Amino acid sequence: MYPFFAYLDRMKLIRRWGLMRNTEPENDMEHSLQTAFIAHGLANISLSRFGREIRPEHVAVMAMYHDVSEVMTGDLPTPIKYKNPAIKDAYQEVEKSAREQLLHMLPGDLRFGYAEYIQPDETSLEWKLVKAADRISAYLKCLTEEKLGNREFVQAKESILRSLEENPLPEVKVFMDEFVEAFGLSLDDLSRVEMD
């Protein structure tokens with residue numbers, strides 16, 4: 001018996017934004033799917049607008065798995081995770097160990113097919129797009145909370161927006177300029193948007 005997929009199913013139990021009041025709770029499974037949608041979009045922008053050799057479906061799957069280690073580690077809040085270099089380095093080692101453990105929860109003949117998603121090349125363009133999608137997803141969470149009247153996320157929103165504006169990937173600017181504004185619209189307003 002192999003518990004790999006049973007562990008992945010527990011992503012829905014990992015709450016995000018643990019130190020902040022949430023009007024609309026979010027779990028790792030929801031976040032990972034949203035991040036995969038955004039990463040897929042960024043990769044399609046990269047391919048279509050910038051002519052990069054990239055496989056959008058590969059990037060989407062990388063994003064699906066980007067937080068799987070948290071089924072073992074939990075979601076350590078950002079203010080703690082990045083408080084000092086020692087904590088950051090130690091947590092990265094814990095995440096690495098968790099990813100290795102998850103990979104070994106698969107039959108040996110299947111591990112190769114999952115390794116590139118669970119232990120990605122963090123220097124690759126694909127991974128950089130996933131990390132950008134992760135930040136965009138966090139920004140959208142802040143927008144949602146602010147729209148619902150929760151001021152708890154205002155500083156996080158500003159900080160995340162600054163990091164997105166400083167991101168050197170042109171795909172991020174395109175996504176922010178062309179897609180993010182729609183997240184602030186009501187369903188009625190969305191249905192009235194004129195598209196070319």
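**Salt bridges and exposure**

Tutor: The side chains of K12 and D9 meet in a salt bridge, with 3.1 Å from N to O. This is a predicted model, in which local features need pLDDT of at least 70, side-chain atom pairs count only at pLDDT 80 or more, and totals for chains, interfaces and linings use all residues. Residues are numbered from 1 along each chain as its sequence is written, and side-chain values use heavy atoms, with hydrogens and water left out.

Student: Why is the contact of K12 and D9 called a salt bridge?

Tutor: The term requires a side-chain nitrogen of Lys or Arg within 4 Å of a carboxyl oxygen of Asp or Glu. The N to O distance for K12 and D9 is 3.1 Å, so the pair meets the rule. By this rule the count comes to 12 salt bridges.

Student: Why is K12 called partly exposed?

Tutor: Buried means under 20% relative accessible area, exposed over 50%, and partly exposed in between (1.4 Å probe, protein chains only). K12 has a relative accessible area of 38%, so K12 is partly exposed. D9, at 37%, is partly exposed as well.

Student: What makes R21 exposed?

Tutor: R21 has a relative accessible area of 63% and is therefore exposed. R21 forms a salt bridge with E152, their closest N and O atoms being 3.3 Å apart. This pair links distant parts of the chain, 131 residues apart. E152 has 30% relative accessibility, so E152 counts as partly exposed.

Definitions and conventions. Helices (H or I, at least four residues) and strands (E, at least two) are DSSP runs, numbered from the N terminus.
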